[in-house]
Amino acid sequence: MSLAVAVAVVMFVGITLYALFAGADFGGGFWDLFAGSAERGADARALIEHSVAPVWEANHVWLIFVLVVLWTAFPRAFGPIMSTLAMPLTLAAIGIILRGSAFAFRKASIPVETRRFFGAVFALSSVLTPFFLGAVVGGVASGRVPATGTGSLLRSWVNPTSMLGGAMAVVVCAFLAAVYLSADAAARGRADLTDYFARRAIGAGVVAGVVAAVGVVVLHADARHLFHHLTGRALPFLLLSVAGGLGTLALVRARQFGIARLSAALAVVAVLWGWAAGQYPYLIVGRLTITAGQGAHATLEALLGAVVVGLLVVAPALAWLLLLTRRGELVEENAHQN
Amino acid sequence: MLAAASAPDLLYARQQMALSLGWHIVIACTGMAFPVIAVFAEWRGQRTGDPVYTQLARSWSKALAVLFAIGAVSGTILSFEFGILWPRWMSTYGDVMGLPFAIEGFAFFTEAIFVGIYLYGWDRLPPRVHLWSGIPIGIAGLASAFFVVAANGFMNTPTGFKVVDGKIVSVHPWAAMFNTSLWPEATHMILAAFIVTGFLVAMPHALALLRGSRDRYRRIGFLIPFAIACAVVPLQIVAGDWAARHVAVHQPVKLAAMEGLGKTTRGAPIHIGGFYTDGHVRFGIEIPDALSFLAFHHTNAVVQGLESVPPADRPPVNVVRFAFQTMVGIGTAMLGLGIWLMLAWRKRRDLPRSRWFYRLALVAGPAAVVALECGWITTEVGRQPWIVYNLMRTRDAVSTASGLRYGYFLLIVVYTALTVGAITVLRRLSRESGEPRAKRGGDLDGSHPASSRTRAASATGEAP
């Protein structure tokens, strides 16, 4: 494996972790949006807020990590991707800002009206942000970004593959969140909420399967390179993803939430690495390969070194945070109720 | 050239960058210094058993939660904008200057993790563990500032690579990161964070003191952040001098713009006030030889003037000069405020009594923010027309996409809403933090803190 490919793998690990962790936080916002009136959805929203609050900022950092690695290691890809996909990226960025701020503002507000307003902003932007990020992926994966300069601002993301990417991102976030939340509810001994989110996990899983099936047709028509490899060398990943998805549905039905979490994560990881395998060796499909887009060798080495040292610092801290969250140590006993 | 076609949108791209960076920098400052202040109060509370400190630390950590959240997300958009607005800059220099950003990513990661633990660990974690969980936030915050400024320092004094036939070769990312601007700039920035945060955090308490509540909660809540800010101001003046002398050597045109010096001059003067036109400052108060002395510590030193470079290579002088003078003026006034506090304290071991002191303390928060923005305007506008000093022009870096202005208009709306939301929520939090004490009467009043365990527990338990 060349140095550039190794760094690309590291970057893709970042994308995977962002999808698994921040994706679930976005999904939390999705279920918040559809939890019904303030009274009826109060319990579900409280559980979502509980699960998301202490971790979302740390989970969000994976996105920054990916961007930073992209421009440091593959500067020639960063410019065209970001400037061509300026519209969905600007909208995603605004979604990220509004979502984080509204979540913090809601937590710090008491009047029901104010909380409802910030809650709506949080929930809505939680759905829109992954959609636009998914659309960005679609633009890159279908080769609509040029190797240099700036491509079409509109067609780069208003196209079948981008719409598929957007829809897929939203559904996957909702699926992950529902599985995680049903596990959280079960751990707290809330049978009502466990059923509530288990039903939604199964629903979202089925919808994700349907979107993926439609996606095969879309990619066949719109992203030939990706389609070709998805049905070739990336096929094992796709099969693994299907198995993980079906397994999750069965496990959720059987109320085995601990393992369901893992198999849901497996389904998502497999689909992401299927995309990576399908796209290889390109950074921008059909335009710019990993080798052609790489930055200075010394920088790649320094970057890998920094990542190793950085992970040595971050990993134990992150493990502690997740452990404390899981053990229920990170709660505010005088937190405002919905 | 392609760049000429996008000239109309260059201005919007620069304005958008200025808006999002200018907005984020204020929040980033609080994210860096506020945890240190809160952890200091918590530590005092555990040391002395005085519940007032703990109560302050808890109420500050609520405000901190809001500020940290909006800081985390408002910083992200800058990463997007590097590519959306300046793709040609990033494509050319991304691998030269990217390393400090990558390291900063991990520093910020560490900060975010411990913020999660610190903010939500008040109730269940043992007090000592909770206090310790706050320490890495401060360290990681300082590290973040250091590495981000390293990237900005690279723009001012690019190094760590060679240009051969227009191509970048022999890249040394570590050398690029440890460029000569790094140390004076990072020091100046980190000290600024403590000044801005200290004065801002003291504001609500200054207001309460001005309105007549003189209880310990308000007095200590005022004194801790305010005294920290005042103590940092003299250090900042020294660091500012260092930074300016560095600019004099490494970015002489920026210094000439800061001072409005047209011709290269031996024994150059400083002008206070006035404006620059036709190569001279008009209506300013002249101090002979002062610029030579300040820039090179020698009254007879030669200072390079703006006319040493072609007009197309000069920054807009009055913007830079006005920003610089405003920053220096505000810094000097803050020094006066600190001296006032120190004299009162030495005389009576107490806060000043004059209402004017608290009125000025109220102004100090916004004034510190203005000084901070002026500092960034000085260094960023002062570098123009270059995005990478003497190597790449800003107009050659901007995206050739049309319609950049619409993104800017959209962001104006978003940031306006965000500002209103943040101020509303923070004001409510600060009002709320004052209420329970008022209801329970003056049990935290007076100079003898009740330090019994039960009292402490009930005070912290009731803190909102």
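Predicted model: local features only at pLDDT ≥ 70, side-chain atom pairs only at ≥ 80, totals over all residues.
Let me begin with chain A, which has 13 helices and two strands. Its C-alpha atoms fill a box of roughly 55 × 40 × 35 Å along the principal axes. For a chain of 338 residues, a compact globule would have a radius of gyration near 20 Å, and the value for chain A is 20 Å, which agrees. Of those 338 residues, 60% count as buried. If we take the contacts in chain A between residues at least 6 apart in sequence, 79% of them join residues that are at least 24 apart.

Now to the place where the chains meet. The size of an interface is often given as the accessible area lost when the parts come together. Here chain B and chain A bury about 5,700 Å² between them, and 75% of that area is on carbon and sulfur atoms. Across this interface the rule finds zero salt bridges, while it finds seven residue pairs in polar contact, with both residues at pLDDT 80 or more.

Although the interface has zero salt bridges, the count over all chains comes to 20, and I would like to show you some of them. In chain A, A:R190 forms a salt bridge with A:D43, and the closest N and O atoms are 2.7 Å apart. Because A:R190 lies in the loop between α7 (160-187) and α8 (191-222) of chain A, and A:D43 in helix α2 (residues 42-52) of chain A, the pair ties together parts that are 147 residues apart in sequence. A:R190 is partly exposed, at a relative accessible area of 30%, and A:D43 also counts as partly exposed, at 40%. Elsewhere in chain A, a network of salt bridges links A:D32, A:R45, A:E49, A:R106 and A:K107.

In chain B, the side chains of B:R405 and B:D9 meet in a salt bridge at 3.2 Å, N to O. This pair links distant parts of the chain, with B:R405 in helix α15 of chain B and B:D9 in helix α2 (residues 7-48) of chain B, 396 residues apart. Are these two residues buried or exposed, or in between? B:R405 is partly exposed, with a relative accessible area of 25%, whereas B:D9 is buried, with 9%.

A further salt bridge in chain B joins B:D123 and B:R58, with the closest N and O atoms 3.3 Å apart. B:D123 lies in the loop between α5 and α6 of chain B and B:R58 in helix α3 of chain B, so the pair ties together parts that are 65 residues apart in sequence. Of this pair, B:D123 is partly exposed at 26%, and B:R58 counts as buried at 11% relative accessibility.

Let me turn next to one helix and the residue after it. Helix α10 (residues 252-259) of chain B is mostly covered, since eight of its eight residues are buried; among them are B:K254 and B:E259. The helix α10(B) is followed by B:G260, whose phi is positive, near 65°.

Finally, the backbone. Most residues other than glycine have a negative phi, and most peptide bonds are trans. Another joins B:Q384 and B:P385, with omega about 5°, and B:P385 is in the loop between α13 (355-381) and β9 (386-388) of chain B. As for positive phi values, B:F283 has one near 60°; B:F283 lies in the loop between β6 (280-282) and β7 (285-287) of chain B and is exposed, with a relative accessible area of 72%. The phi of B:D289 is near 65°, and B:D289, in the loop between β7 and α11 (290-296) of chain B, counts as partly exposed at 31%.

Notes. Residues numbered from 1 in each chain as written. Chains lettered and ligands numbered in written order. Heavy atoms only, no water. Buried < 20%, exposed > 50% of the residue type's maximum accessible area, 1.4 Å probe, protein only. Helix = DSSP H or I, 4+ residues; strand = E, 2+ residues; numbered from the N terminus. Buried area = accessible area lost by both parts, 1.4 Å probe. Salt bridge = Lys/Arg side-chain N within 4 Å of Asp/Glu carboxyl O. Polar contact = N/O pair within 3.5 Å; in protein donor to acceptor, adjacent residues only side chain to side chain. Rg over C-alpha atoms; globule rule 2.2 N^0.38 Å. Contact = heavy atoms within 4.5 Å.
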